[in-house]
Amino acid sequence: MTRERLGNWAGNVVYGAARTYRPESVDELRRVVARSKQVRALGSGHSFSRVADTTGDLVLLDGLPPMVEIDTARSSVTVGAGMRYADVAAELHRNGFALANMASLPHISVAGSCATGTHGSGDGLRCLAASVTALELAGPEGDLFELRRDTDDAFPGAVVSLGALGVVTRLTLDVEPAFEMEQRVRLEVPLDDLAARFDEVFGAAYSVSAFTDWRSGEARVWLKRRTGRPEPAWAGGREAPGPEHPVPGMAPASCTVQLGIPGPWHERLPHFRPQMTPSAGDELQSEWFLPRDAAPAALAAVRAIAGRVAPVLHISEIRTVRGDDLWLSPAYGRDTVTLHFTWRNDPGGVLPVVAELEKRLVPLGARPHWGKIATMPAAEIIARYERAGDFARLASKIDPAGKFRNAFLAALFPLE
């Protein structure tokens with residue numbers, strides 16, 4: 001136990017925990033939870049919001065024993081909650097298996113990513129939490145309980161849970177046979193063409209991302225294809241002659257291999273290598289999930305204020321996500337386009353622009369990412385989730401005293 005104040009990855013959040021624990025076993029974790037009056041769990045600390053914050057006890061999950069148990073008969077893997085995607089993926093690949101999807105950063109923890117609805121990109125790929133088939137949690141008394149996709153009606157409410165149901169100790173994920181991929185980058189793709197041919201562009205590979213500063217009127221498009229699988233041959237713009245970094249001007253050494261060179265799935269699906277500093281490094285992030293059919297209008301809405309966005313922006317990424325049935329997933333019930341913004345670390349300059357973007361995107365159906373910066377009132381955010389009432393009742397049933405609540409959750413789900 002320590003009283004040292006910790007911050008998140010970006011440094012824009014300093015956690016207000018009275019005490020911080022780093023248990024080295026599940027039994028030790030259970031004891032901490034049982035004796036705490038208020039407790040929250042922290043994975044890799046990559047959220048830019050205060051979703052993991054607490055004034056009570058903060059439990060770090062990275063000290064738990066690493067666990068990657070593959071069930072070949074069920075095509076699944078059970079992993080410890082503190083595991084990073086990079087470590088899980090490497091072990092899966094060594095055993096001939098793969099995850100269907102990964103986020104752009106393999107540095108993030110499995111439990112934290114799933115709890116906040118984090119995602120990759122691909123017309124056929126759902127958020128990372130949608131691959132979860134079971135999860136084990138430590139409840140308010142430190143008791144372990146399990147929820148399973150195939151047996152529990154409340155399971156869709158338990159995966160993207162924002163930490164409200166307990167401390168996740170392990171998760172079981174779907175896997176498939178390992179596969180190879182290659183990625184190429186197309187430069188100078190006009191944003192007008194991207195909007196007009198949106199389905200063609202984002203259907204041109206297994207995973208597609210478009211990066212833009214909004215002001216230039218152009219995008220660079222990352223195409224990640226599975227080898228041996230025919231895919232549409234969209235070829236807008238021109239092919240990059242060398243490796244590219246998503247943030248213009250940054251060296252591409254931290255990025256995964258491009259130029260059409262085949263390699264393992266886990267070394268191509270993410271944008272960044274796990275041993276390197278990802279993205280811009282010194283940054284803030286926001287992201288909004290919108291109905292896929294709103295993509296042209298959403299792109300036009302951002303372009304209309306490009307002069308305000310660009311000066312405080314490192315880069316913006318456009319992605320697609322298949323809809324799911326997870327109650328608090330920002331992609332719940334609809335195929336989705338996401339607009340991600342990697343901002344300069346300038347809160348005073350960024351927050352007014354975030355508010356202006358929300359003013360334009362919310363009428364189109366935008367839901368903010370749970371782990372990133374937003375200015376929308378909590379009541380307005382949760383009103384966009386049809387199953388929010390069901391989730392509130394589930395949380396009250398599992399945690400009636402509110403041991404796992406914090407200010408972030410209290411604003412979303414006020415006690416009646």
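Mentor: A polar contact is a pair of N or O atoms within 3.5 Å; within protein, one atom must be able to donate a hydrogen and the other to accept it. Keep in mind that this is a predicted model.

The part to look at is strand E17, and the place to start is Thr-320, which lies in that strand. Its relative accessibility is 1%, so Thr-320 counts as buried. The side chain of Thr-320 has a polar contact with the side chain of Asp-123, at 2.8 Å.

Next, follow the chain out of the strand. The loop between strand E17 (313-321) and strand E18 (336-344) holds Arg-334. Arg-334 is buried but has no salt bridge. A salt bridge needs a side-chain nitrogen of Lys or Arg within 4 Å of a carboxyl oxygen of Asp or Glu, and the nearest side chain of opposite charge to Arg-334, that of Glu-386, is 6.9 Å away. A polar atom of the Arg-334 side chain does lie 2.9 Å from the backbone oxygen of Phe-289.

Other charged residues do pair up; the whole structure has 29 salt bridges. One of them joins the side chains of Arg-19 and Asp-57, with 2.7 Å from N to O. Arg-19 is in strand E1 (residues 19-21) and Asp-57 in strand E3 (residues 57-60), so this pair ties together parts 38 residues apart in sequence. Arg-19 is partly exposed at 26% relative accessible area, whereas Asp-57 is buried at 3%.

Another salt bridge links Glu-91 and Arg-94, whose closest N and O atoms are 2.7 Å apart. Both residues lie in helix H2 (residues 85-94), three residues apart, or about one turn of the helix. Glu-91 is partly exposed at 26% relative accessibility, and Arg-94 is exposed at 61%. Elsewhere, salt bridges with shared partners join Glu-182, Arg-184, Arg-186 and Glu-239 into one network.

The largest pocket has about 610 Å³ of space. It is lined by 30 residues, of which Phe-48, Ser-49, Arg-50, Ala-374 and Phe-408 are the closest to its centre. Helices H9 (347-361), H10 (378-382) and H12 (407-412) each supply at least two residues of this lining, and H12 has the largest share, with four. The lining of the largest pocket counts 17 nonpolar, nine polar and four charged residues.

The second largest pocket has a volume of about 360 Å³. Of its 17 lining residues, Ala-392, Ser-396, Arg-405, Phe-413 and Leu-415 are the closest to the centre. Helix H11 (residues 388-398) gives the most to the lining of this second largest pocket, six residues. That lining divides into ten nonpolar, three polar and four charged residues.

How values were computed. Residues numbered from 1 in each chain as written. Predicted model: local features only at pLDDT ≥ 70, side-chain atom pairs only at ≥ 80, totals over all residues. Heavy atoms only, no water. 1 Å grid on protein atoms, 1.4 Å probe; cavity = no way out; pocket = protein on both sides within 12 Å on 5 of 7 lines; lining within 4 Å. Points joined across faces, edges and corners; volume = space filled by probe spheres on them. Nonpolar A, V, L, I, M, F, W, Y, C, P; charged D, E, K, R; others polar. Buried < 20%, exposed > 50% of the residue type's maximum accessible area, 1.4 Å probe, protein only. Lys, Arg positive; Asp, Glu negative; His and termini not counted.
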